[in-house]
Every structure is written in C-alpha cells, then in structure tokens.
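User: I would like to know how the labels in this model are reached. Please set each value against its definition.

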Amino acid sequence: MAWLWKKSKPEANALSPLDRDNIPQHVAVIMDGNGRWAKQRGLPRVAGHHAGMKAVKRITIAADELGVKTLTMYAFSTENWTRPREEVDYLMRLPSEFLAIELQELIEKNVQVRMTGWREGLPAHTLAALDQAEADTRHNTGLILNFALNYGSRREILEAVKTVAREAEAGTLDLDKLDEETFTKKLLTADLPDPDLLIRTSGEIRLSNFMLWQSAYTEFWFSNRYWPDFGKEDFEEAVREYQRRTRRYGGLK
Ligand code: V0D
C-alpha cells in the first residue's frame, strides 16, 4: 500500500512553496568541496576557493531574500593551517577580495558582517579587511553574515571551561549556579542564536569540529553538490526540508 501512503502523505518537493512563517532564523553552512570542484576541472585548488567565493555571494542573497536572520559561513577552520603555505596565503586574501567587490552592495542591502573565531594567527591584512567590514556594517539591521574564520569548536568549549574555572577560583562565579545558559555566554557565539539548520556540501556527513555545543538541536542537511555549484535552488531545498521536519501540526512544535 505504499502508493496509498504516499497519496495521503505527499512529499514536499521542488514544487511546494516555502512557508514564509517558518524560515530558519540561523543557517550555518560548511562550505566543502572547493578543492574537488577544481580537481574535476583540472584547475588548481585555489580556483575552487575563488569559485566558492562566488557561491558565498549567491547564498547570502538567497538567505536574505528568504528572511534568514543569521547566516554563518565556515570559511576557515583551526585545522586548515596544516594546508600548504601557498594555499593558506591565498585563502587569507579572500576576505579582502570578497569585500572589495561586495561590501558596497552588502551595505546597501543592510547586511551586518561579523566574524566568529580567533584573531590571533590571522594576517594583519585579513584582520584589517574584517575590521573594516564589521565597522562599516555595524549599524545595519538586516541579515547577519557571519564568517567562521580560524574557528574550532573543541577549543572554543575548552576556552569557555577555562574561563569558568578561573572565575570560580576568583570567586566571581558560583559553580553551583552555572547552567547551560550561562555557559553558552562564554562561547565565541555568545551573541548569536543556535543554528536552526546546518548545511554541509560535497557529500561529507560529519560536523568536523563545527559548533558542537550550538548544534545540539540543529536540523542537518547534507548535499552531494560541491560548494561552488551550490545555488539558490539548493539552499531553498534545504530550507524546504527543514520546514517539512519542523512543521507544526495544530500549533504544536
Ligand atoms: C574559501 C569557500 C569568503 C570556502 C568560500 C579566509 C573556502 C571561499 C570569505 C570571506 C573563503 C571571509 C570574511 C569576510 C568576507 C569574505 C572567505 C575564507 C575563505 C578564509 F569578511 N570566501 N572565503 N574567507 N573561501
């Protein structure tokens, strides 16, 4: 009776409209597959990173149009430092290149640029570009475009634990009163809500040290598409699936 079940419980598909009343507030993206995209075309890895930057623009617009409030893009992990020197150098130039092309439009679209990660270790020119973008968009009230850059979740949690331990030792924090809400405020993401939807591209089905604490209740969406090929339709498909999973019947969540 599979056909009957299908008839009475239709699958959401590309034709079903998006529910404007249930847009994920915070979407996080692990932008994977740039190197593989380039390899497939006989291009150097950095060509994939450059193409990936174009996808950042595309998905930022798509998220903004849907009314997503925060879009976090995982651009560089604490583990990425082990890549070849030339590749790291190239990656570190992407923020300024991206912003040189896009910052004006981001300002016009009322977007706020932010960063989650450790500043230490990043080149001065990379930090300068980020600081400029954050400063120029500080008073904007639209989409928060948050780049996770030099970010790793275990270290983030460990640093938070150390902060808590130091405060307890100094007597400024009562350990018996420490709860999840207080601990969350010690993380790098203190000023952001937890992600509602996490997208990872390129067929990898793991978190790879990304927002381990924050994604306790996050819906995950994995796409086989390489990040440079990821488009607005793919993003909308992920949001549609998020809506299917979180659909509230009779007002119940
Ligand atoms: C390479 C795919 C935009 C992932 C996207 C430093 C890997 C392209 C930025 C960017 C990267 C970061 C901050 C900012 C504006 C833009 C970026 C990096 C890598 C690592 F304020 N793309 N992008 N940053 N790639």
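User: Why is Glu204 called buried?

Analyst: This is a predicted model, in which local features need pLDDT of at least 70 and side-chain atom pairs count only at pLDDT 80 or more, while totals for chains, interfaces and linings use all residues. Residues are numbered from 1 along each chain as its sequence is written, and side-chain values use heavy atoms, leaving out hydrogens and water. Buried means under 20% relative accessible area, exposed over 50%, and partly exposed in between (1.4 Å probe, protein chains only). Glu204 has a relative accessible area of 17%, so Glu204 is buried.

User: What makes Glu204 and Arg36 a salt bridge?

Analyst: A salt bridge needs a side-chain nitrogen of Lys or Arg within 4 Å of a carboxyl oxygen of Asp or Glu. The closest N and O atoms of Glu204 and Arg36 are 2.9 Å apart, so the pair meets that definition. Arg36 also forms a salt bridge with Asp32, with the closest N and O atoms 3.7 Å apart.

User: Why is Arg36 called partly exposed?

Analyst: The relative accessible area of Arg36 is 33%, so Arg36 is partly exposed. Asp32, at 18% relative accessibility, counts as buried.

User: What makes the link between Glu156 and Tyr151 a polar contact?

Analyst: A polar contact is a pair of N or O atoms within 3.5 Å; within protein, one must be able to donate a hydrogen and the other to accept it, and residues adjacent in sequence count only if both atoms are side-chain atoms. The side chains of Glu156 and Tyr151 make such a contact at 2.6 Å.
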